[in-house]
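This report looks at a ligand site and at a set of paired strands. The structure it discusses is shown below.

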Amino acid sequence: MTVKIGLLGLGTVGTGVYKLITSRGGHIKESIGVYPEIKKILVKNLNKPRKVKVEGLLTQNAEEILKDKEIKIVIEAIGGIYPAYEYVKEALFSGKHVITANKELIAQYGEELNEIAGKNRVFLKCEASVGGAIPILHQIDRLKITDEIDFVGGIVNGTTNYILTKMTTEGRSYEEALKEAQQLGYAEANPDYDVKGFDALYKLAILMRKVFNINVPINSIPRKGIDEITTQDLNYSNKWGYKIKLFAWGKKVKDGIFAGVEPILVEENNILSRVNDVNNAIILRGDSFGEYVFVGKGAGELPTGDAVVADLIDILLNYDIKDNLRINLLPIRQGSFTDTFYIRLKLYKEDILGLKKVLKFLKEQRVSIVESSSENGTFAAIVKTKKNVEELIEKLEEITEIKAFFKVLQEDIIEELKLSEFKDFVEVI
Ligand SMILES: NC(=O)C1=CN([C@@H]2O[C@H](COP(=O)(O)OP(=O)(O)OC[C@H]3O[C@@H](n4cnc5c(N)ncnc54)[C@H](OP(=O)(O)O)[C@@H]3O)[C@@H](O)[C@H]2O)C=CC1
Ligand SMILES: N[C@@H](CC=O)C(=O)O
């Protein structure tokens with residue numbers, strides 16, 4: 001039996017999918033008895049040079065795929081909300097299964113699209129939207145049947161991890177490393193989505209929906225990217241035995257959920273420190289299985305293509321686990337997972353007074369200095385406090401100019417959260 005597929009997009013992901021389906025089609029047929037065939041590919045520009053031979057397959061007219069009754073599965077690899085949203089919706093309404101790699105779309109419209117898929121008795125699958133090649137959504141589906149999972153988080157953006165790694169280990173500038181990530185096909189069409197933390201935020205929202213059965217309004221989650229990290233911050237962190245990573249995390253407590261996307265300092269002996277380049281690492285904590293850390297390539301042509309093809313195989317095998325939906329209301333809470341943080345302050349060259357003022361403040365607030373360095377008008381330190389970190393930073397801001405502030409990850413992140421005010425409410429579906 002042959003199943004006809006319509007592919008929307010032939011960029012990094014679409015090309016990976018095309019390569020895998022065409023090269024492994026025979027093997028898939030041997031293994032599960034179904035031969036997947038790509039019948040049409042939607043692109044924006046018909047004249048663009050392609051890395052694969054696609055004569056006769058390209059079209060600029062989406063209706064040639066969406067209205068084709070022979071096409072049973074649509075793979076969306078365009079990205080962004082429009083026109084992807086309309087195309088996915090139309091495909092589902094016409095009874096086609098959909099596979100997408102589009103985290104922005106799933107984070108923002110996943111609930112609505114899942115409902116349409118359910119009503120039309122088709123699958124909507126999105127493994128590639130989180131963690132690249134890591135089969136994390138599939139694992140969560142399995143694990144949450146037996147376990148109560150209360151923590152999900154980790155490194156979920158390949159581009160930023162690549163940039164931070166190259167800046168730290170090979171002395172690249174931020175701009176050079178970003179350019180490389182773009183050339184390697186890791187970055188989003190607009191790389192601001194990566195470096196400002198939006199991509200990680202979308203992925204976190206998808207993970208939290210899956211793990212906690214909640215629908216998270218993405219603007220209720222605090223977000224900070226890596227675009228303000230300087231070589232100076234990386235050098236100080238390195239010197240004191242830490243690596244900087246962009247961390248996305250969600251933790252369920254009895255009466256709410258803490259969540260955030262932010263750069264953090266991780267001790268060199270922590271597993272996350274050793275997750276480099278384009279790799280991602282996703283931590284899950286359950287009451288029976290304990291802790292899992294899933295590591296793998298978080299972006300790129302073949303790793304992402306592989307995750308899409310895994311969804312395709314699941315559909316061909318007719319496999320799926322429905323989300324276990326339940327109504328509840330849980331607040332997103334603002335909280336910190338640490339009592340230790342890194343600061344870099346700007347001091348004027350001769351401003352001994354400024355430095356004295358800062359040191360006096362830290363002493364008065366009973367903040368202990370773990371590491372510190374003061375040179376050329378800069379004071380950088382790793383400090384520890386028993387007080388609320390955010391409140392302390394606010395007070396410090398009143399007397400000096402804070403150029404950088406990142407939390408330091410502690411081993412007890414999952415156990416211990418310092419609570420403060422509720423920020424927003426999310427509906428648990
Ligand atoms: N890159 C990666 O490693 C990963 C990406 N993703 C996600 O996968 C999706 C695709 O990403 P990626 O492959 O990198 O993106 P690219 O920019 O490389 O490719 C996008 C493709 O979509 C086509 N396209 C864009 N706009 C339109 C339009 N209006 N109508 C028809 N075709 C259009 C482009 O056509 P043309 O070629 O003619 O310009 C291109 O082929 C995104 O949602 C991204 O977030 C997920 C995981 C990893
Ligand atoms: N731009 C994304 C691509 C994969 O999701 C990333 O760098 O992680």
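## Strand pairing and the ligand shell

Strands β11 and β12, the latter covering residues 290-297, are paired in the antiparallel sense through eight bridges, in what is a predicted model. The two strands make up a hairpin, with three residues lying between β11 and β12. Within this pairing, arginine 285 has glutamate 291 of β12 as its bridge partner.

On the subject of its other pairing, β11 is also joined to strand β7 (residues 149-155), with which it runs antiparallel, by six bridges. Here glycine 153 has isoleucine 283 in β11 as its bridge partner. The two pairings of β11 are set out in the table.

| Strand pair | Bridges | Sense |
|---|---|---|
| β11 and β12 | eight bridges | antiparallel |
| β7 and β11 | six bridges | antiparallel |

Strand β11 spans residues 279-286, and because seven of its eight residues are buried, the strand is largely enclosed by the rest of the structure.

Turning to the ligand, ligand 1 is surrounded by 27 residues, of which the closest are Gly9, Gly11, Gly79, Ala101 and Ala299. By residue class, the shell around ligand 1 consists of 12 nonpolar, 11 polar and four charged residues. Helix α1, which covers residues 12-32, contributes the most to this shell, with three residues. Why does ligand 1 lie between domain 1 and domain 2? Both domain 1 (2-129) and domain 2 (139-298) supply residues to the shell, and ligand 1 therefore lies between them.

How values were computed: Residues are numbered from 1 along each chain as its sequence is written. Chains are lettered from A and ligands numbered from 1 in the order in which they are written. This is a predicted model: local features need pLDDT of at least 70, side-chain atom pairs count only at pLDDT 80 or more; totals for chains, interfaces and linings use all residues. A residue is near a molecule or strand if its C-beta atom, placed from the backbone, lies within 6 Å of it. Helices (H or I, at least four residues) and strands (E, at least two) are DSSP runs, numbered from the N terminus. Ala, Val, Leu, Ile, Met, Phe, Trp, Tyr, Cys and Pro count as nonpolar, Asp, Glu, Lys and Arg as charged, and the others, Gly among them, as polar. Domain bounds come from an automatic or database domain assignment. A residue is buried if 20 or more other C-beta atoms lie within 10 Å of its own, exposed if 12 or fewer, and partly exposed in between; C-beta atoms are placed from the backbone. Two strands pair if DSSP finds at least two bridges between them.
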